[in-house]
Amino acid sequence: AQARALGADPSVAGVRASRSLAQPAVQARIRTPQPADEAAAPGGGANVPADDQATPGGDAPRAGQPGDLPDADADALGQAASPDGDEEGGGAPAAPPPLLTETRPRPLAVVVDNAPQGYARLTGLSSASWVAEMPVEGGLTRLMPMFDVSDPGQVGPVRSARDYFVHVAERSDAVLVHDGGSPDAMVALTSSRSPSLNAFRRGDLFSRASDGAAPYNLFSDGSALRQAMAGLNVNPSRLLEGYRPMAAEDPMEEASEVEIDWGGVYQSGFAYQPAQDRYRWLRNGQPGVQADGQAILVDAVLIARIDARPKPGDTEGRLYIAVDRGGPATLLWRGTVQSGRWSVEGGLRFTNEDGTDVSLEAIRTWAAFVPNSQSVEWR
């Protein structure tokens, strides 16, 4: 923080003097081909090398690779007539998916209530880059919106975490925002490489609404959470890399609506809005809205299938869900459906059937992590 003059001049020693290099000599050897028999040469009196081993070219008497095998099977040559393998020939190579290389702020992942008692108070979802909906005990779900493009004003009601929420946030390079958690969640947080902002310890970042009952009345503010993140020992930004989604070449199955049965108590769904080219969130058959009446619209819906089992001996009926291996998935985008696999390694990703790894954070996505035992219907 302080400078002191040393009174010495800088110097450089031990540098070798430059030397000139000799100019390379250039030689050209030209071989004059012997005249070929006009009857054998296409095009009349074309000049063709007499040497049978010479590379055919120009007006060569025959086409093909030099020295190709006379006994080669024609079927082994492949569809060489077309650059994209079309047996009809004349096609063009498919355009590669557009790349995503973008630096964004580190995400805030906020655990938000989705029980009937909190429906009328829900705030903050409209600012999320993507939303994770995951099952909890009792046949209900909780939401975890991710904020890295724009932070919300108010967000909540903030609820407690489960260990699989911790794992999804960690694998998305996010800082988890929550109000306590299950015993397994608190253990997972102690070994997580990402810190969290817990209302139990950072009460200054949270407030309770006076016109509601706990635990459905706890809220926080996006700017306050972002400032608190700046005081944590984490990189404030991250690099998003991958491919952006693009329409498939072949027509995909169309679906204008999907309904998810989470266990008989709660159903959610999405209805495609062609005029807006987006999907509207539905709760129990009714449009899902925020406290201000704003509808929740997303660009894509990911149905991520998971193996969810009750934890042995857990009297609350909490679930065991592994998110480290990913699983089968269905992506709804632009009114169509495509199959593939999901993962949350470095963010929300979808690998389609041709193996292209798509970053779904390039578009606004709702990821519903649905147990294999629960039904999903398309219409």
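Select helix H1, residues 163-171, and then the elements against which its buried residues pack: strands E2 (108-110), E3 (130-135), E4 (141-147), E6 (175-178) and E19 (319-321), together with helix H2 (183-191). Packing here rests on contact, meaning heavy atoms within 4.5 Å. Helices (H or I, at least four residues) and strands (E, at least two) are DSSP runs, numbered from the N terminus. The model is predicted: local features need pLDDT of at least 70, side-chain atom pairs count only at pLDDT 80 or more, and totals for chains, interfaces and linings use all residues. Residues are numbered from 1 along each chain as its sequence is written, and side-chain values use heavy atoms, with hydrogens and water left out.

Remain on H1, where 7 of the 9 residues are buried (under 20% relative accessible area, with a 1.4 Å probe and protein chains only). Among them are Tyr 164, Phe 165 and Val 168. Just after H1, select Asp 173, which takes a positive phi of about 60°.

Is Arg 104 buried or exposed? Arg 104 is buried, with a relative accessible area of 7%. Display its side chain: a polar contact of 3.4 Å joins it to the side chain of Asp 148. A polar contact is a pair of N or O atoms within 3.5 Å; within protein, one must be able to donate a hydrogen and the other to accept it, and residues adjacent in sequence count only if both atoms are side-chain atoms. The Arg 104 side chain also reaches the backbone oxygen of Glu 361 at 2.8 Å.

Finally, display the whole chain, which has 3 helices and 25 strands.

Technical notes:
Buried < 20%, exposed > 50% of the residue type's maximum accessible area, 1.4 Å probe, protein only.
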